[in-house]
Amino acid sequence: MNRPNDQYIQVKGHRIRYWSQGDEGSTVLLLHGISCSVLEWEHNIAALAQHHRVIAIDLLGCGLSDKPLDADYDMQAQARFVFDVMDAMGLTSAHIVGNSMGGCIAMECAAMKPERVNSLVISAPAGIGHDTLFNFRLASLPVLGELLTKPSMFGLGMIWKLAFHDKSFVTRALVAEKVALAKLPNAQAVFLKTLRGFVNWGGFIEAPRRAFLGRIQNIKCPSLVIWGQQDQFLPVSHVQVLKPLLPHAQYELIDHCGHVPMTEITDRFNQMTVSFLSQQAA
């Protein structure tokens, strides 16, 4: 599969990598999860670009984008930065598709500036329920987190196997690419700073989680929520917390699927997303 060419744009003095494909219809912005990159969307961007202008970005601190240690990496700050990226690209509004942390940021965007978010497609958004992966809770601890998250084929291979229901997706090539990104200067430090902003030993920190839930209950834009039944990072039970807050959303709970449905059930994810977005254009 041919990947789009890496492109870069200066945003608030920071160099941000992005992929862009398609020039038909409305704009769709793709937001990845914590410590990930545009690579998470390589199986989706071409299918979506048949109907839309699709832009995937490496969030500040992630992928090949700049990783300033003094930046604020909480979810509201990242949402503000997404709007800065949109401004730099001349985008007044977009449909936003986000996975995990990217789903959380997408919802922060919709709550913050609803006039700029046409619709949401969010898969396994972070910060809804209290529970998260034991490995992340351990990584939130001082010193131990630095040791546990030192990039290695073994460590990242183990984490990515937990991300999938079907472990055959976790090839040596996939893990090697994750390790290469994780070894970039400041990548580990930014990951830990981001994680520790909303996760501690007990799971998602209660005060910021409650504040987040309070903000997203005002989201009114059309929304599609996709969640893998076998998600070990963010349990599918979190949907029961989200439903009363987003009662108007469509919910798709997918069996035999883990934390990254855009990769594990690519064709179905693409079909659901294209169908949902076409409803918004009708």
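In which loop is the place of H256?

Guide: The model is predicted. H256 has its place in the loop between β10 (250-254) and α11 (261-264). Its phi is near 60°, a positive value in a residue other than glycine. H256 counts as exposed, because its relative accessibility is 52%, and the cut-off for that class is over 50%.

A second residue with positive phi is A124, where the angle is near 45°, again in a residue other than glycine. A124 belongs to the loop between β6 (117-123) and α4. It counts as buried, since its relative accessibility is 1%, whereas H256 counts as exposed.

Salt bridges form the next topic, and the structure holds ten of them. In one, the side chains of K178 and E40 meet with a distance of 2.7 Å from N to O. K178 lies in helix α7 and E40 in the loop between β3 (27-31) and α1 (45-49), so this pair ties together parts that are 138 residues apart in sequence. K178 and E40 are buried.

Another salt bridge joins the side chains of R215 and E108, at 2.7 Å from N to O. R215 lies in helix α9 (residues 206-216) and E108 in helix α3, so distant parts of the chain, 107 residues apart, are linked.

R196 forms a salt bridge with E146, and their closest N and O atoms are 2.9 Å apart. Because R196 lies in helix α8 and E146 in helix α5, the pair ties together parts that are 50 residues apart in sequence. R196 is partly exposed, with a relative accessible area of 26%, and E146 is also partly exposed, its value being 34%. Elsewhere, R3, E42 and E177 are linked in a network of salt bridges.

In helix α8 (residues 187-196), the residues A187, V190, F191, L192, T194 and L195 are buried. These buried residues pack against several elements: α2 (75-89), α3 (101-112), α4 (134-139), α5 (144-148), α7 (172-182) and β7 (199-200). Helix α5 also contains L144, which counts as partly exposed, since its relative accessibility is 33%.

The cysteines remain to be considered. A search of the whole structure finds zero disulfides. The cut-off for such a pair of sulfur atoms is 2.5 Å. The sulfur of C62 is 7.7 Å from the closest cysteine sulfur, in C36, and is therefore too far away for a bond. For C221, the closest cysteine sulfur is in C109, at 10 Å, so this separation too is too far for a bond. C62 counts as buried, because its relative accessibility is 7%. C221 likewise counts as buried, at 11% relative accessibility.

How values were computed
Residues numbered from 1 in each chain as written. Predicted model: local features only at pLDDT ≥ 70, side-chain atom pairs only at ≥ 80, totals over all residues. Heavy atoms only, no water. Buried < 20%, exposed > 50% of the residue type's maximum accessible area, 1.4 Å probe, protein only. Helix = DSSP H or I, 4+ residues; strand = E, 2+ residues; numbered from the N terminus. Contact = heavy atoms within 4.5 Å. Salt bridge = Lys/Arg side-chain N within 4 Å of Asp/Glu carboxyl O.
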